[in-house]
Amino acid sequence: MTIVEPIRNLDKLKEVEQFLEKQNYRNLLLFSIGINSGLRISDILNLNVKDVKNKSYIQLKEKKTHKFKKFPLNSKLKKMISKYTEGKSLDEPLFLTVFNNRMDRVSAYKIITSACKKVNIEENIGTHTLRKTFGYHFYRRFKDIAMLQKILNHSSPEITLRYIGIEQDEIYKNYKNFIL
């Protein structure tokens, strides 16, 4: 199993969003929910329209941990969800394929990796990149590892730091700045 990385560069993150916006609004929403929520792809793909339409919060039972999770939608996601769900049935899956089936993780993987490749992101990318990107930028902005640990349901701060790649970033930075 390949370890995937977060998208650390904010400019590259914006390039992916711009590419996806031109490609397909559904794909942009999938990506945006991932990087703004920290949800696993299995939980994102399990959402139905009724779970998000006209909501201020998303609440769900996590597929992996079976834990209840509730978190507010930011203004960007609310606006995107409102636009995307207009005219959709409340009972349908939020992310449908062109064949009207619920999108699976393989399709999500192809969407994410293809978009990242198109904007020349060189890191190992996968569906988990979305969750790690959320974690990386949340930590960079708030420097609150305890809160992030709780959001991601990790058992220790060390696991969270390693998970989002901060530990390796710090090692590289220290190596580069260590000169005798």
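# Close-up views of a predicted model

**View 1. E62 and R40 meet in a salt bridge.** The side chains of E62 and R40 come together here, with 3.8 Å from N to O. E62 sits in the loop between β1 and β2, while R40 belongs to the loop between α2 (25–37) and α3 (41–45), so this pair ties together parts that are 22 residues apart in sequence.

View 2. Strand β1 covers residues 57–61 and strand β2 covers 68–72, and E62 is in the loop between them. The two strands pair in the antiparallel sense, over five bridges. If you want a pair to look for, K61 stands opposite F68 in β2. Six residues lie between the strands of the hairpin. One of the residues in the turn is H66, which has a positive phi of about 65°.

View 3. Which side chains of β1 point to the buried face? I58 and L60 do, and both are buried.

View 4. H66 lies in the loop between β1 and β2. H66 is not a glycine, yet its phi is positive, at about 65°. H66 counts as exposed, with a relative accessibility of 55%. Now hop over to N100, in the loop between α5 (75–85) and α6 (105–118). N100 also isn't a glycine, and it has a positive phi of about 65°. How exposed is N100? Its relative accessible area is 60%, so N100 falls in the exposed class.

**View 5. K76 and E17 link helix α5 to helix α1.** K76 forms a salt bridge with E17, and their closest N and O atoms are 2.5 Å apart. This pair links distant parts of the chain: K76 is in helix α5, E17 is in helix α1, and 59 residues separate them. K76 is partly exposed, at 30% relative accessible area, whereas E17 is buried, at 9%.

View 6. The side chains of K50 and D91 come together with 3.5 Å from N to O. K50 is in helix α4 (residues 49–52) and D91 is in the loop between α5 and α6, so the pair ties together parts that are 41 residues apart in sequence. K50 is partly exposed, with a relative accessible area of 39%. D91 is exposed, at 58%. Elsewhere, salt bridges that share partners join K14, E17 and K76 into one network. How many salt bridges does a search of the whole structure find? It finds six.

**View 7. Q18 sits in helix α1.** This helix spans residues 10–23, and Q18 is one of them. Q18 is partly exposed, with a relative accessible area of 48%. Look across to L28, ten residues apart from Q18 along the chain: the two C-alpha atoms are separated by 8.4 Å.

**View 8. I171, Y172 and Y175 form a nonpolar patch on the surface.** Together these residues have about 370 Å² of accessible area. Y172 lies in helix α10, which runs over residues 166–177.

**View 9. Stepping back, the protein has ten helices and two strands.** Along the sequence, the pattern reads α-α-α-α-β-β-α-α-α-α-α-α. The radius of gyration is 17 Å, close to the 16 Å that the globule rule gives for 180 residues, so the protein is as compact as a globular protein of that length. Its C-alpha atoms fill a box of roughly 65 × 35 × 30 Å, taken along the principal axes. Buried residues make up 46% of the 180 residues. Of the contacts between residues at least 6 apart in sequence, 60% join residues at least 24 apart. The accessible surface comes to about 10,900 Å², and 51% of that belongs to carbon and sulfur atoms.

Key. Residues are numbered from 1 along each chain as its sequence is written. This is a predicted model: local features need pLDDT of at least 70, side-chain atom pairs count only at pLDDT 80 or more; totals for chains, interfaces and linings use all residues. Side-chain values use heavy atoms; hydrogens and water are left out. Helices (H or I, at least four residues) and strands (E, at least two) are DSSP runs, numbered from the N terminus. Patches are made of residues with over 30% relative accessible area and no salt bridge: like charges are joined within 9 Å, nonpolar side chains (Val, Leu, Ile, Met, Phe, Trp, Tyr) within 5 Å. Accessible areas come from the Shrake-Rupley method with a 1.4 Å probe; for residues, only the protein chains shown count as cover. A salt bridge is a side-chain nitrogen of Lys or Arg within 4 Å of a carboxyl oxygen of Asp or Glu. Buried means under 20% relative accessible area, exposed over 50%, partly exposed in between (1.4 Å probe, protein chains only). Two strands pair if DSSP finds at least two bridges between them. The radius of gyration is taken over C-alpha atoms; the globule rule is 2.2 Å times the number of residues to the power 0.38. Contact means heavy atoms within 4.5 Å.
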